[in-house]
Amino acid sequence: MAIGRQTLSLVLLSWLCKSTAFAVILRTTEKSVWTNEFESIELTCLIESISTNNPRIEWKKIKNGVPSYVYFQNKISGDLEHRALLREPANLLILNTSRSDTAQYRCEVAAIDDQKPFDEILVSLAVRVKPVMPRCSVPDAVTVGSSTELRCIENEGFPQSQYQWFKNNEELPEDPKTSSKFYNSSYTMNTETGSLKFRSVKKEDAGEYYCQARNEAGWSKCSPQTMEVYDLDIVGIFLKVLGGVAAFILVIVGICQIQKSGYCSCKDHRETK
């Protein structure tokens, strides 16, 4: 009985060894990789087991669910033509990456002499793109007590940029209440949209502002712009209102004079008749 069990174990072990020896088995060191734009990246496709001497190796790029060849019939093709290499055993080296290379890549190996003649492995690539100079909008002048908004935006960076505002070359804290220097300021900062809103502007809010867009690939900033803050001119406002009232009265008087003149002319004409 013991001899029978030992024999069965040897048979199973022999079968497993043969199955492994005649099967295509692939492995990758990283299933999700990233690089910065214009740099190189190697997608690994390691053949751990194979018996066929010259297996068929193919790489496909899968973008929005649509596959296309990038290595086919022993040559680089498609989007990676002239800027990629196949390294032994089946690694794909992409040179001078661009943002359009962000996709999934599938390594496929076919070996007709193996019991398991086919295997594939999927590698996800993300190409990070440095932000370009953001477009900043800073008002030239505002009055004390009024509300205003500073804006900052850029659309080229990947992943999406985060925004940070600076005043007089000093980074503004996201929450002014966390800083003794900016504690009395009424602004709210949105680091995702690039908005810097002042609920009630104070004299100390005057200064030179610029915005910085940043992500994992790098950062970029706009040119500094000056925002001036003026006191509310009560006398000037009163004089403007007074001038408006005077102008309105003059217009009314003029209209009355015109109507009066027209009425008299008609009356004289009827008396003559």
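Predicted model: local features only at pLDDT ≥ 70, side-chain atom pairs only at ≥ 80, totals over all residues.
Visitor: What is the torsion about the S-S bond of C45 and C107?
Guide: The sulfur atoms of C45 and C107 are 2.0 Å apart, and the two residues form a disulfide. This pair links distant parts of the chain, 62 residues apart: C45 is in the loop between β3 (41-43) and β4 (46-49), and C107 is in strand β10 (residues 103-110). C45 is buried at a relative accessible area of 0%, and C107 is buried with 0% too. The disulfide of C45 and C107 is left-handed because its S-S torsion is about -70°.

Visitor: Which strand holds C211?
Guide: C152 and C211 form a disulfide with their sulfur atoms 2.1 Å apart. A torsion of about -80° about the S-S bond makes the disulfide of C152 and C211 left-handed. This pair ties together parts 59 residues apart in sequence, because C152 lies in strand β14 (residues 148-153) and C211 lies in strand β19.

Visitor: What is the pairing of the bonded cysteines, numbered in sequence order?
Guide: There are 3 disulfides in this model. They join C45 to C107, C136 to C222 and C152 to C211. Numbered in sequence order, the bonded cysteines pair as 1-2, 3-6, 4-5.

Visitor: Which side chain of opposite charge is nearest to D205, and how far away is it?
Guide: D205 is in the loop between β18 (195-198) and β19. D205 is buried yet has no salt bridge. A salt bridge needs a side-chain nitrogen within 4 Å of a carboxyl oxygen. For D205, the nearest side chain of opposite charge is K167, at 5.0 Å.

Visitor: Which residue has its backbone nitrogen 2.8 Å from a polar atom of the D205 side chain?
Guide: Leaving out residues up to four places away in sequence, D205 touches K167, S185, F198, S200, M227 and V229. With one of these, S185, the D205 side chain makes a side-chain polar contact of 3.2 Å. The backbone nitrogen found 2.8 Å from a polar atom of the D205 side chain belongs to K202.

Visitor: How far apart are the closest N and O atoms of R99 and E156?
Guide: The structure holds 13 salt bridges, and R99 with E156 forms one of them. R99 is partly exposed, with a relative accessible area of 38%, and E156 is partly exposed, with 38%. In the salt bridge of R99 and E156, the closest N and O atoms are separated by 2.7 Å.

Visitor: In which strand does E42 lie?
Guide: R87 forms a salt bridge with E42, the closest N and O atoms being 3.2 Å apart. The two ends lie 45 residues apart in sequence, because R87 is in strand β8 (residues 84-87) and E42 is in strand β3.

Visitor: Which residues are linked with K60 in a network of salt bridges?
Guide: K60 forms a salt bridge with E108, the closest N and O atoms being 3.5 Å apart. This pair links distant parts of the chain, 48 residues apart, with K60 in strand β5 (residues 56-63) and E108 in strand β10. K60 is buried at 15% relative accessible area, and E108 counts as buried at 8%. The salt-bridge network links K60 with R106, E108 and E120.

Visitor: What share of the 273 residues do buried residues make up?
Guide: The protein has 2 helices and 21 strands. Its accessible surface comes to about 17400 Å², and 56% of that belongs to carbon and sulfur atoms. Of the 273 residues, the buried share is 36%.

Technical notes. Residues numbered from 1 in each chain as written. Heavy atoms only, no water. Helix = DSSP H or I, 4+ residues; strand = E, 2+ residues; numbered from the N terminus. Buried < 20%, exposed > 50% of the residue type's maximum accessible area, 1.4 Å probe, protein only. Areas by Shrake-Rupley, 256 points an atom, 1.4 Å probe, with all protein chains shown as cover. Disulfide = S-S within 2.5 Å. Lys, Arg positive; Asp, Glu negative; His and termini not counted. Polar contact = N/O pair within 3.5 Å; in protein donor to acceptor, adjacent residues only side chain to side chain. Contact = heavy atoms within 4.5 Å.
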